[in-house]
Amino acid sequence: MALGDKSALDSNTRNSYSISGASHILAVSGLHIGIIFQLFIFLGGRKYSVYTIILSLISIWTYVFLIGLPASAVRAAIMLSAYSLSLAFHRTGLPLNTLSSAYIFMLFISPLYLFELSFQLSFLAVASILLFFTPLYTLLPIRSRFIRWAWGLLCVSLAAQIGTLPVIVYTFGRISCYSLLTNYIAIPAATLILYIGAALILFSPLTLWAPIAPVAAPLISLTSGALTSITQFLNTAIKLISMLPGASIENVRISLPQVIGLYAIILLIYALWRRIDKQKSPECK
């Protein structure tokens, strides 16, 4: 999960994650890049100072090169770099413009990215979240912080599904019926795993320093135990969800023209929402 390397996963585990709709947490994405960025911002002491931003950018690009420049990680790194520079120079920009710039830049560097599934799903997911999260989130006015968090996670997951489902069905012929439920377990657990994994890497060199090695060793053991426990919990939960009745609809076949038609319908729905929203705004009145 930390390096996007799935070679050690057995077929049963891969299948469980696929059926439950949790495969996306195994691929390096914005979640990984964002955690690394925030970690170095935190260690820098001064939030969003030029020094900490530069250190964070060096770290995330080192990480992206280390794991082999996967399309989803490159996209996240480019977008976060643009966002960081806008903070450093006190400027703001539209997220969709940043996403479009990352899309053009990546295809300019390597046009073959266009045919990679990870590239397609990464951009479709982010674009769909940018377009549909706000309309979905504002449907329910919620005051409770916990319920607001739960509703926000549901809206993010649903928005991403809107943009990626046609391509997923076209490629894999499968619809994961419990993917929205799965994200309530998978995303918090994956976040904890990545943070604890990063902490383990930071603590490990302390064992080489004799004065604090006796304290560092138990700390690393405790951290490793927590990491193992959360990972086992996640794998067990994913397996149980994949075994639920109706966990997935298999052998769904759609053609490329049907995929294009589905995206046309999605864009028409978004355009209709925008038109209705403008008619309700005070400026239009």
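Between which two helices does the loop that holds Leu 69 lie? Select Leu 69 to begin: its loop runs between helix H3 (50-66) and helix H4 (71-88). The model is a predicted one, in which local features need pLDDT of at least 70 and side-chain atom pairs count only at pLDDT 80 or more, while totals for chains, interfaces and linings use all residues. Residues are numbered from 1 along each chain as its sequence is written, and side-chain values use heavy atoms, with hydrogens and water left out. Helices (H or I, at least four residues) and strands (E, at least two) are DSSP runs numbered from the N terminus.

**Stop 1**

Most residues other than glycine have a negative phi. Leu 69, although not a glycine, has a positive phi of about 55 degrees. With a relative accessibility of 32%, Leu 69 is classed as partly exposed; buried stands for under 20% relative accessible area, exposed for over 50%, and partly exposed for values in between (1.4 Å probe, protein chains only).

Next, select Asn 251, in the loop that links strand E2 (248-249) and helix H10 (256-280). Asn 251 is not a glycine either, and its phi is positive at about 55 degrees. Its relative accessibility is 61%, so Asn 251 counts as exposed.

**Stop 2: helices H5 and H6**

Display helix H5 (residues 95-109) together with H6. The two pack at an angle of about 165 degrees, and their axes are 10 Å apart. Axes are lines fitted to C-alpha atoms, for helices over the stretch in contact, and angles run from 0 to 180 degrees between N-to-C directions. H5 and H6 are therefore roughly antiparallel; the classes are roughly parallel under 35 degrees, roughly antiparallel over 145, roughly perpendicular from 65 to 115, and oblique for the rest. Their crossing is left-handed, a term for the near helix being turned anticlockwise from the far one by less than a right angle, with clockwise giving right-handed.

To colour the contact (heavy atoms within 4.5 Å), select residues of H5 including Leu 96, Leu 99, Tyr 103 and Met 106, and residues of H6 including Phe 119, Phe 123, Val 126 and Leu 131. By class, the residues of this contact are 13 nonpolar, no polar and no charged. Here Ala, Val, Leu, Ile, Met, Phe, Trp, Tyr, Cys and Pro count as nonpolar, Asp, Glu, Lys and Arg as charged, and the others, Gly among them, as polar.

Stay on H6 and centre on Leu 131. Its relative accessible area of 17% makes Leu 131 buried. Apart from neighbours within four places in sequence, Leu 131 is in contact with Leu 96 and Tyr 270. Leu 131 and Tyr 270 are 139 residues apart in sequence, yet their C-alpha atoms are 7.7 Å apart in space.

**Stop 3: helices H6 and H7**

Helix H6 (residues 117-137) packs with H7 at an angle of about 140 degrees, the axes being 8 Å apart. H6 is therefore oblique to H7. Their contact comprises 19 nonpolar, six polar and one charged residues, and the crossing is right-handed.

Which residues does Gly 163 touch, not counting those up to four places away in sequence? Gly 163, found in H7, touches Leu 124, Ser 128 and Tyr 263. At 6% relative accessibility, Gly 163 is buried.

**Stop 4: helices H7 and H8**

Now show helix H8 (residues 179-203), whose axis comes within 10 Å of that of H7, crossing at roughly 115 degrees. This crossing is right-handed. Among the residues in the contact are Trp 149, Leu 153 and Ser 157 of H7, and Leu 180, Asn 183 and Ile 187 of H8. The contact divides into 10 nonpolar, four polar and no charged residues.

Zoom in on Ser 157 of helix H7 (residues 145-172). Ser 157 counts as buried at 5% relative accessibility. The side chains of Ser 157 and Asn 183 make a polar contact at 3.0 Å; such a contact is a pair of N or O atoms within 3.5 Å, where within protein one must be able to donate a hydrogen and the other to accept it, and residues adjacent in sequence count only if both atoms are side-chain atoms.

**Stop 5: Thr 223**

Finish at Thr 223 in helix H9 (residues 213-242). A polar atom of the Thr 223 side chain lies 2.8 Å from the backbone oxygen of Leu 219.
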